Amino acid sequence: MLDNNSYEDVTALFKQTSQGKWNRNAVLNHRTSSLVDMEPGSLIFDKDFSLHDAMAAFEIGEPRFDSGLALLDDSRPPFDPLVPLLPEEVCWIIDRAFSCEIAWHTGYTLSQTVFSFLYVHALPDIDPDTISPHHHEPDRTRPVELVSVVLRASVLGLLKCCDLAWRELVKGNVYDCEDWQSDKCDVPMSEAYPVSCILGILDEACVWVRNSSRVRSTWRTALSHRLVLRKTLVELFSALLSKDYFRFRPLIETARVMLQHVRASPPPPPRSCSPAPRAFDPQFPRVLVSAIPLQPIQLPEQSKVWDTLAGLLDSLEQLSVLIEIPDLSTWDVVGTLRVWQPRPNQSLAYVRSAFQSAIYENGIILNKYLQKHAVDCFLMEALQIPYDSFISSFPTRWIGPDSLPLRHIERTITELLVGRIKSHWYNPPRRRRYYMKSLFDWHELYATLTNVQKHLAPVSGTDVVTRLRSVVLMRRLETISDIVLSGFQLSLYSVNERPLAYWYLARVLEQHLTCLDEIIEVLPSKQRIYSMPRSEFQFRARYLTALQALSLALFAVTVKTMGSSWERLRLNFLRRYKWAFMHEYEDFDVPPVGHPNFLAFTTSCSVILQDKEFSPAEQAELAERLLRGSTTAPGRMAGPWTPERMEFLSKMAEVCRDLRRLPKSMDELRTWDVEQLVWDPDVQPWFPVMRNHS
């Protein structure tokens, strides 16, 4: 187009080029009076060419975004949704549809998984009300109802499960494109069908299978198990969305029984001439509306699919038990165990969102309590002080110029306690970031309580605010320890950073133990003989002492691995622990407790290398004794999860037993091979194991 008004025919030039008759001079000389030479650095703008178009042009060719120019496979036989199927072929298709669903739950997009199942897009074609009554059936072993009734019901149930899961995931507890993929590609997922309607369709399919004389009894049973499993999952996911947790256990038990039957009767792989594999087309996402082109994926093996589904059921059963426990300390212990000792197949985004919704949603805690419940738990579970008693002592003692900031204290405790418990079900990197951000809020609460204490009339004995400050400080130090340990679990530390991490962890644990001693000492006398807080805190003191001993041992052993200069180490230190150097801390008169100090670290490095009496092996042995003793008194706040806590302690004790082969003295360390230590988060999240020499 020339001058935005007239057009010039350049068809001949394109034709010559396509035929290989490229003539550069002819093209360059093909000018008109309206064409001008461009100056270097100049641009031509078009009203229909936006910045988005320009960026899209850059994305083409980027392997992460572009799957390349690849046409659909024309050699693939066309998909006919009404092609007759054998009962075993229907079973195989239903099982592979479960694979698509589980693949979506593990983080792939719907277009790569569920929407590659072609019957999802052919539901109108297999509706029994639209199929001609004269539809030809090749033989009695392939009744059309296997597709129009049984398979259609299973597909609708699959889509409804995805729809119910999508509604839970979209609440914002987990993050789109980080934990899961929300893009529906404009494909309906049975949103218009009520759950009752889907259940009715599945019931009709079960009735048809049960009464059909055209399906062998073996496959009638196999089809029934798969339909009942799908129906139970629809009911379970619906109950989760409506928070009817009391319905979980019978539904989970039914689903488990059906899953066992399904696993015990796998269908044979389809033959090469079978139409069943055509129901899945990994290239079909190319024709869907999608933000970016996606490459085909390999669906998981069927055994792994059933394992993941079993893990999902185990997680929801855990939720049904936990929701009945009002003590937030138990939720904290269970969440911590989940972080320290991840269970396979129990970290799906859907499950993590469900736990977070149960903890707090729409101003309600644990689906039944107001926000004040968090403050009640915070005081009762740590200090055995009711919140009402806590606030009743202030009006007569307050001598400050302003009003008592009780509302602010209550709100901050609620946000921090609920936020910490929810964070146990974040993905690991986001959980670490949340811990870092929450440290400032814990310090702000600690500074507020310090200021309140200054404006209260003195009382005889230990002040309740002093005790509360110790609990807040303990929580903050616990969060710092979690940050340091998460660095090992995420494999963030380089060889040069490990000594500093272990040294800093030992320092923080020392302060943490001091807080625990102060809290235990001031428990009410009538509670000191045997109480839940005292028993729990004594357990934690033993456990943290073992952790500190092991940290000191590994700090001493890994010091010799530092190969960088002190200046380089200091820069790494400032980068790794940048959360401790926020300028906002300068706004408080109370200095933060537990922050790292690089100068103290350098001093400790020199001291530990010259300590003739320090024995890393003896520290590992001490840690093992403490952990073995803790298994006999594992605290009382773990509730039904006490066996899991004991299992974790036993595994930690085995690691300590292995590390008793560390050098017996610092002199022996000079010739000891540090390469024997292997850090593998899959084996132990925080500490190394000894390499076995053949």
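The structure holds zero disulfides, a disulfide being a pair of cysteine sulfur atoms within 2.5 Å. This is a predicted model, in which local features need pLDDT of at least 70, side-chain atom pairs count only at pLDDT 80 or more, and totals for chains, interfaces and linings use all residues. Residues are numbered from 1 along each chain as its sequence is written, and side-chain values use heavy atoms, leaving out hydrogens and water.

- C656 counts as buried (under 20% relative accessible area, with a 1.4 Å probe and protein chains only), because its relative accessibility is 0%.
- C197, at 30% relative accessibility, counts as partly exposed, which means between the 20% limit and the over 50% of exposed residues.

**Helices α6 and α7**
- Two packed helices are described by the angle between their axes and the distance between the axes.
- Helix α6 (residues 195–211) and helix α7 (residues 217–241) have axes that come within 9 Å and cross at roughly 165°.
- That makes α6 roughly antiparallel to α7, a label for angles over 145 degrees.
- Their contact (heavy atoms within 4.5 Å) includes L199 and L202 of α6 and L223 and L227 of α7.
- The residues of this contact divide into 11 nonpolar, two polar and six charged.

**Helices α12 and α16**
- Helix α12 (residues 372–383) packs against helix α16 (residues 464–489) at an angle of about 100°, with the axes 11 Å apart.
- So α12 is roughly perpendicular to α16, the term for 65 to 115 degrees.
- Here F378, L379, A382 and L383 of α12 meet R467, L468, V471, V472 and R475 of α16.
- By class, this contact has seven nonpolar, no polar and two charged residues.

Conventions
Axes fitted to C-alpha atoms, helices over the stretch in contact; angles between N-to-C directions. Helix = DSSP H or I, 4+ residues; strand = E, 2+ residues; numbered from the N terminus. Parallel < 35°, antiparallel > 145°, perpendicular 65-115°, else oblique. Nonpolar A, V, L, I, M, F, W, Y, C, P; charged D, E, K, R; others polar.
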